[in-house]
Amino acid sequence: MDLINIPDFSFASPLAESVVRLERLRTQLKISQGSESPLLDELRRLFGHLSSVLSARIEGNRTTIVDALTATSAGNPTADDGIQEILNLEAASQFIDENVGEDFIFTEHFIRTLHTIAVDGLRREGDKTPGGYRTTHVGISQSAHTPPGPESVSADMHELVDFINQQTLPQNQLLQTAIAHHRFVWIHPFTNGNGRVARLLTYAMLIKQGFTSVSGYRALNPTIVFGADRNLYYEKLSEADNLNDQGIIQWCLYVLQGVERDIEHIIHLSDESKVLDDIYAPALERAHKADHITNSQIAVLLRVAELGVAKSGDVADLIPGSSATRSQFLKKLVSQNLLIREEGTRKYQVCLSNLLAIYVVRQLDNLGMLPEILKD
């Protein structure tokens, strides 16, 4: 395999311009003043679920968003391969969140563990040797590239991990991540599940490089970038398969331009007032038009969202009657999973692990924040 490196490119090139813009956006992401709140935390959780659904869809999984959100919210494995695949991706993302930081050192063992989690219990999309490098020749669907033989996989992966762990200038970090993603798919170290693991590995690299939001959203998730146009994703990967500088540069430009769009969305979603006005309130109206919630419930849910954490007395002016009447009203919202009551308290927070989630998803789509592949 050719030595892995970051190709030279002109300072006046589109790639250089994208690098400069991204460094500015990364700074903006770091200093974003969006406060942490239950509403933002719920939206972050929902986006995490959507990212897992999207990664599975890139591989052809057609589980509906409604079924996927129901399953991932419940967290219960089922016999359905499509649901299990999404649950596995959720578990792998959580494993990354719990283990990767800015001082993290990548290892082949870590990558093998991601593969083990990603294919666990799957029949159609599984692997007979979870965590084990392939011992046979393989092909790649939608690609003319023939991966290297099994005899060179171990050495190729060793070289890739060395490249991933190289210290590089901040402005080159995203280029390093983009190149590592392509080279991983090019090597195709596992019999199955390579695309899923490549996106998980890219996500882990973004966390190490500090591409996180103060609002608590997962780092820039590569599934959003790659899933915007599945065919274009495979096309750009293929262009880089001959490993020449021009193909690698075009692949990096594709990745960086997608990351730019994603950062802009994350900054928008880190502003609590914008989330409330542009996403949550319109989603409530959508649910009302579908006769799923009442105007009174909308008023209470908006008040709780604005306050972050609310007590019964905070909504007394919105619910006529006695304190017992208010308690019953709030209890119903809790039973519908529209509110969460903190255990052992009388404090309430908003919740999106419910029927409202699909209306939030539709509103995100209306704002152009979801890729085409997520449209059912």
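What is the volume of the largest pocket? The largest pocket has a volume of about 300 Å³. This is a predicted model: local features need pLDDT of at least 70, side-chain atom pairs count only at pLDDT 80 or more, and totals for chains, interfaces and linings use all residues. Residues are numbered from 1 along each chain as its sequence is written, and side-chain values use heavy atoms, without hydrogens and water.

**Pocket**
- Lining the largest pocket are 20 residues; E59, S141, H188, G195 and Y234 are the closest to its centre.
- A pocket here is an open set of points on a 1 Å grid over the protein atoms alone, where a 1.4 Å probe fits, with protein on both sides within 12 Å along at least five of seven lines; lining residues have an atom within 4 Å of a point.
- Helices α8 (194-208) and α10 (230-239) each give at least two residues to this lining.
- Helices are DSSP runs (H or I, at least four residues), numbered from the N terminus.
- The lining holds 6 nonpolar, 9 polar and 5 charged residues.

**Helix α15**
- In α15 (residues 356-366), 8 of 11 residues are buried (under 20% relative accessible area, 1.4 Å probe, protein chains only).
- Among them are Y359 and Q363.
- G368 follows α15 and has a positive phi, near 75°.

**Helix pair α4 and α5**
- The axes of α4 (residues 81-99) and α5 (residues 108-119) come within 7 Å and cross at roughly 150°.
- Therefore α4 is roughly antiparallel to α5 (angles over 145 degrees).
- Their crossing is right-handed.

Definitions and conventions:
Points joined across faces, edges and corners; volume = space filled by probe spheres on them. Nonpolar A, V, L, I, M, F, W, Y, C, P; charged D, E, K, R; others polar. Buried < 20%, exposed > 50% of the residue type's maximum accessible area, 1.4 Å probe, protein only. Axes fitted to C-alpha atoms, helices over the stretch in contact; angles between N-to-C directions. Parallel < 35°, antiparallel > 145°, perpendicular 65-115°, else oblique. Left-handed = near helix turned anticlockwise from the far one by under 90°.
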